[in-house]
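Thank you all for coming; I would like to walk you through one structure today, going slowly enough that everyone can follow along on the screen.

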Amino acid sequence: MTLTALLPDRTSEAPAVRAPARADAQPAPVPAQRPLRIRDDAQALQIARELAADFARDAAVRDRERRLPWDELERFTASGLWAITVPREHGGAGVSARTLAEVIAIISAADGSLGQIPQNHYYALEVLRVGGTEAQKSFFYRRVLEGERFGNALAEIGHKDFKRRTRLHEEGGSLQVDGQKFYCTGALFAHWIPTLVVAQEGEREVTKLAFVPRRAEGVSIVDDWDGFGQRVTGSGSVRFEGVQIDPAWVVPFLASFERPTTIGPFAQLLHAAIDLGIGRGAFEATLPFVRERARPWIDAGVERASEDPLAIQLTGEVAVRLRAAEALLRRAARFVEAAQRAPGEHSVAAASIAVAEARVLSTTASLDAGNRLFELAGTGATLDGLGLDRFWRNARTHTLHDPVRWKYHHIGNYHLNDRFPPRHGAL
């Protein structure tokens, strides 16, 4: 099998997804055209703002109806934003971690699901940058520049020990993947599914990341995600049954955590950006509602809710928390960039702690903004047709990705006892 085998075919008809949970589940479309080639950070931010304005218009409808954002994702991909972390030497914009985080926050403010879908795409690109061979980088960077998307199949459920049971093994002279995954955000929309697999090497089990073609025989994707938030991320199940892959599509994964790398803090930085964006979206929805529709409390003695002194105070508190989260996110991005330039035990630990600090505050700020929206706007904001509850639901769902309580622990241990945090990617 060659490196170009099993590429997404742009001419043949894609097979149907097996056993979809809903009728709107469908195979990932092939790229219709080569995406825009973004030049630099400034252009990436400008395009993100333009897209966000478009995505925000129907966000409540997509959430209410669980309408998968196929058209929006095609526009998102065609914009060139999915390729902005491809290094300049490979034809990409090579934007900074700070710019990428801001792009994700901008999109997440418009639609939390659309902000989360590409998170694992960028994560896979970082895994490639850190641990891929030059041939693998050249091959996959080119696919991304041509408009192909990465999903993910990382998590498994039903096991308390967190051991992965999806196997990479030889069968009949070929390399195969067998197993089942859940919480596979973006896999439904992807052209490639980076999959965490366990391979036996001598007496040792080694974790690797296998880039599985979305349309390879034996891949089944079911849109069975039914969480109350982040409803249209396509975070359902993926099953692999004797899926043959090229050895050149397998990238070291465990080895990238045995040594200091930025894979973990980079991934967590994007999660913080998603939460910050959702919080921003809630705050942006709060202000016009309070100005135009909310009623002042009788004891305030004012004609408009926007003149209520206690409402003004609460608005200020939300704004300060969001601004603080923004500042910590930008600070964390600088630490990540420094560790990318010079990865080492100290620089990666410092980046992990800085990102954990940002995630603590982005978590609380996003939840607070979603909750205060109703406290400030009043009962009228709870009408189902408005869909304003989506901000809190999205924040509550996404902030459960990994526990804040353990972030506090590792942050405290780092500052108090000079102990470096673990390198497992979930800090």
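**A buried serine and its surroundings**

Let me begin with S108, which is buried, with a relative accessible area of 2%, where buried means under 20% relative accessible area, exposed means over 50%, and partly exposed is in between, using a 1.4 Å probe and protein chains only. Before going further, please keep in mind that this is a predicted model, in which local features need pLDDT of at least 70 and side-chain atom pairs count only at pLDDT 80 or more, while totals for chains, interfaces and linings use all residues. Residues are numbered from 1 along each chain as its sequence is written, and side-chain values use heavy atoms, with hydrogens and water left out.

S108 has its place in helix α4 (residues 97–110); helices here are DSSP runs of H or I with at least four residues, strands are runs of E with at least two, and both are numbered from the N terminus. The side chain of S108 reaches the backbone oxygen of I104 at 2.8 Å. Leaving aside residues up to four places away in sequence, S108 touches G115, A273, I274, G277 and I278, where contact means heavy atoms within 4.5 Å.

**A covered helix and a covered strand**

Turning to helix α12 (residues 389–398), we find that it is mostly covered, as seven of its 10 residues are buried. Those buried residues pack against α2 (59–65), α4, α5 (112–116), α9 and α11, and among them are R390, F391 and N394.

Why can we call strand β4 (residues 204–213) largely enclosed by the rest of the structure? Eight of the 10 residues of β4 are buried, so this strand is largely enclosed. Strand β3 (residues 192–201) pairs with β4 in the antiparallel sense over 10 bridges, and two strands count as paired if DSSP finds at least two bridges between them. β3 and β4 form a hairpin with two residues between them, and G202 in the turn has a positive phi of about 70 degrees, while E201 stands opposite R204 in β4. β4 is also joined to strand β7 (residues 250–252) by three bridges, again antiparallel, and there L209 stands opposite V251.

How many cavities of 30 Å³ or more does a search of the whole structure find? The search finds four, where a cavity is a set of points, on a 1 Å grid over the protein atoms alone, at which a 1.4 Å probe fits but cannot get out, and lining residues have an atom within 4 Å of a point. Grid points are joined across faces, edges and corners, and a volume is the space filled by probe spheres set on the points.

The largest cavity holds about 110 Å³ of space, and its lining has 14 residues, with G264, P265, S352, P422 and G425 nearest its centre. α9 and α11 each supply at least two residues of that lining.

The second largest cavity holds about 70 Å³ and is also lined by 14 residues, of which A59, D111, G112, R390 and N394 lie nearest its centre. The elements giving two or more residues to this lining are α2, α4, α5 and α12.

Technical notes:
A polar contact is a pair of N or O atoms within 3.5 Å; within protein, one must be able to donate a hydrogen and the other to accept it, and residues adjacent in sequence count only if both atoms are side-chain atoms. On a 1 Å grid over the protein atoms alone, a cavity is a set of points where a 1.4 Å probe fits but cannot get out, and a pocket is an open set with protein on both sides within 12 Å along at least five of seven lines; lining residues have an atom within 4 Å of a point.
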